[in-house]
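Thank you all for coming this morning. I would like to walk you through one structure slowly, strand by strand and helix by helix, so please keep the picture in view while I talk.

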Amino acid sequence: MKVAHELLYTPTHEWIKQEDEGIVCGITDHAQSELSDIVFVELPERGKTVAKGATLCVVESVKAASDIYAPISGTIIKVNDALSSAPETLNSDPYGEGWICVIEPSDKGELKDLLSAEQYKAKL
Amino acid sequence: MLTEPCEETLKITLLMGDFHKHAGAKMITFGDWEVPAYYTTIIEEHRCVREKAGIFDVSHMGEIVISGSDARAFLQYVLTNDIDNYDYGTAFYSLLCNERGGIVDDVFVYPVTEGQYFLIVNASNIEKDHAWLCAHNAFSDAHIENVSERRAMIACQGPRSNEIVSRVFECDAQVIGFHKFIEMPYGGDKAVISASGYTGERGFEIMFDNDLGHTIWNALLKAGEQYGLQPIGFGARDTLRIEAGCPLYGHELTDDISPFEVRCGWVVKLEKARDFIGKDSLVKAKDRGVQRKLFGLEMIERSVPRENYEVFKNDERVGQITSGSYLPSVDKNAAMALLNATQVTSGDTVEVLIRSRRYKALVTNLPFYKAQR
């Protein structure tokens, strides 16, 4: 299972990447593999605030609906609308085109709670 | 996410468990059983059955033998279908109904020869059915034996299943008519080959003693290689049967659902010569007509409908979903739903409550998919 070196992770299999505009997040290769065929993403709402650990959005595989949790608290400023028509991108490119949204963090201090690639790998 | 199996409490047949894990299957729990959810992906396996062929380990299904000179009379008493309409060597679908006309189980009946029959029953109902049959047996020469633990079953389904089964059993499987079954020698023992299944495709269900399990599974895999055969998990088994509009006990069928509500009226033979359990209630139910009916739902707004989601029309609750999923061959998010038949009809637009939002769906007839024959 691929764990991208440059990203930070949650124990619930989300990843984040710090960029100028905010915190980009998605689900890990392990998560997409466990979910298998993803057929629908109920995307988060732009402008909504989320608390770290609360449900960010829902991903549906053929078999079941699964909650994806917010890796960090903040406001959702951008959403990957392309996932609406191509949810399978989460399977094929979880760390790239399969990004879910960008969060403007309300407390950057929370970043220190996230796992490094090495720490996340150790948990798999 | 999928339910992870909890090993110590789960039953595993000869074919299941480690055998599938070694084949790389993702395992899940299904009732009391640990079963393969998928080996590759559900969508890939689903398409493989529709386009080529697949094999399923369905050894969890129950088998109950009914024998003796009163076996036929006993079956006429417990089954809603009329055994006199079928010859030996032709399997048929039937229900076991309770006195209220609700469904105890749906079963496949195999009339082997005079005084010799067996029923294939749902895994989750094996003990219930066995107890039900024993409790209603007032015949002196009708014997009921639950042989589920020593019998196994593999389904081989899909357009190429004829060639594959023919090769393994050195016969011409193509000529076995729909729902006919034959007994074939195999490995010093024998297997029952039935032209039946649960996918909406041409296919076979093969029944045998547990010992033959690995040999037959491997022989089918090998013979099927050139036709693109793959092992298929329970995930695709479910999407295939929903697409084909096949009801599943515990979802579309329960003790409190009438056969007339769920497109099963055709196996209730009220006119048959002998009385049978539930007949009085079923006669009344038929006269009354149905209040609710099983429909198809196809999502208009994109989202995935699942079991137990509620359905609304003009803000009024009109029923709920019994099974739903993304359906790969028709490429739709769709469901079967038990809806109020006085308020809803095919062609209507309704709304499905998914989490906190309502999504538009079209009411349709079933099935969603029909194989080209």
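Let me begin in chain A, with strand β6, residues 55-61, which is mostly covered, since five of its seven residues are buried. Before I go further, please keep in mind that this is a predicted model, and that is how I will treat it throughout.

What does β6(A) pair with? Strand β4 of chain A, residues 38-42, runs antiparallel to β6(A) and is joined to it by four bridges, and within that pairing Glu42(A) has Val58(A) as its bridge partner. There is also strand β7 of chain A, residues 65-69, which again runs antiparallel to β6(A), this time with five bridges. In that pairing Glu60(A) stands opposite Ala65(A), and if you follow the chain from β6(A) to β7(A) you will find a hairpin that connects them through three residues. For those who are new to this, strands of a sheet pair through backbone hydrogen bonds, in either a parallel or an antiparallel way.

Let us now turn to chain B. Its secondary structure comes to eight helices and 19 strands, and the C-alpha trace spans about 65 × 50 × 45 Å along its principal axes. A compact globule of 373 residues would have a radius of gyration near 21 Å, and because chain B has 21 Å, the two agree. Among the contacts in chain B between residues at least 6 apart in sequence, 67% join residues at least 24 apart.

Chain B is divided into domain 1, residues 1-289, and domain 2, residues 291-367, and the C-alpha centres of these two domains lie 27 Å apart. Where they meet, 17 residues from domain 1 of chain B and 15 residues from domain 2 of chain B take part in the contact. On the domain 1 side, the elements that give two or more residues are α2 (42-51) and α7 (234-243) of chain B, and by class that side has five nonpolar, five polar and seven charged residues.

Chain B also touches chain A, in a contact that takes 17 residues from chain B and 15 residues from chain A. Which elements of chain B give two or more residues to this side? They are β2 (33-38), α2, α7 and β16 (316-327) of chain B, and the residues of that side divide into eight nonpolar, six polar and three charged.

Strand β1 of chain B, residues 26-30, pairs with β2(B) in the antiparallel sense over five bridges, and here Ile28(B) stands opposite Val35(B). The two strands form a hairpin with two residues between them, and in the turn Gly31(B) has a positive phi of about 60°.

Elsewhere in chain B, six strands form an open sheet with mixed pairing, in the order β10-β11-β12-β9-β3-β13. The edge strands are β10 (181-186) and β13 (230-231) of chain B, each of which pairs on one side only. Inside this order, β11 of chain B, residues 189-194, runs antiparallel to β12 of chain B, residues 203-209, with three bridges between them, and Ile193(B) has Ile206(B) as its bridge partner.

Now for a helix, α4 of chain B, residues 126-135, in which Ile126(B), Asp129(B) and Leu133(B) are buried. Why do these lie on the same side of α4(B)? They cover an arc of only 70° around the axis, and therefore they share that side. On the other side of α4(B), Glu127(B), Cys134(B) and Ala135(B) are exposed. The cover over the buried residues includes, among others, β4 (62-67), α3 (71-78) and β5 (92-97) of chain B.

Ser166(B) counts as partly exposed because it has 16 C-beta neighbours inside 10 Å. Leaving out residues up to four places away in sequence, Ser166(B) touches Cys171(B), Asp172(B), Ala173(B) and Gln174(B). Finally, Ser166(B) and Leu220(B) are 54 residues apart in sequence, and from C-alpha to C-alpha they are 10.0 Å apart in space.

Key. Residues numbered from 1 in each chain as written. Chains lettered and ligands numbered in written order. Predicted model: local features only at pLDDT ≥ 70, side-chain atom pairs only at ≥ 80, totals over all residues. Domains from an automatic or database assignment. Contact = placed C-beta atoms within 7 Å. Nonpolar A, V, L, I, M, F, W, Y, C, P; charged D, E, K, R; others polar. Buried ≥ 20, exposed ≤ 12 C-beta atoms within 10 Å, placed from the backbone. Arc of directions from axis to C-beta. Pairing = 2+ DSSP bridges. Rg over C-alpha atoms; globule rule 2.2 N^0.38 Å.
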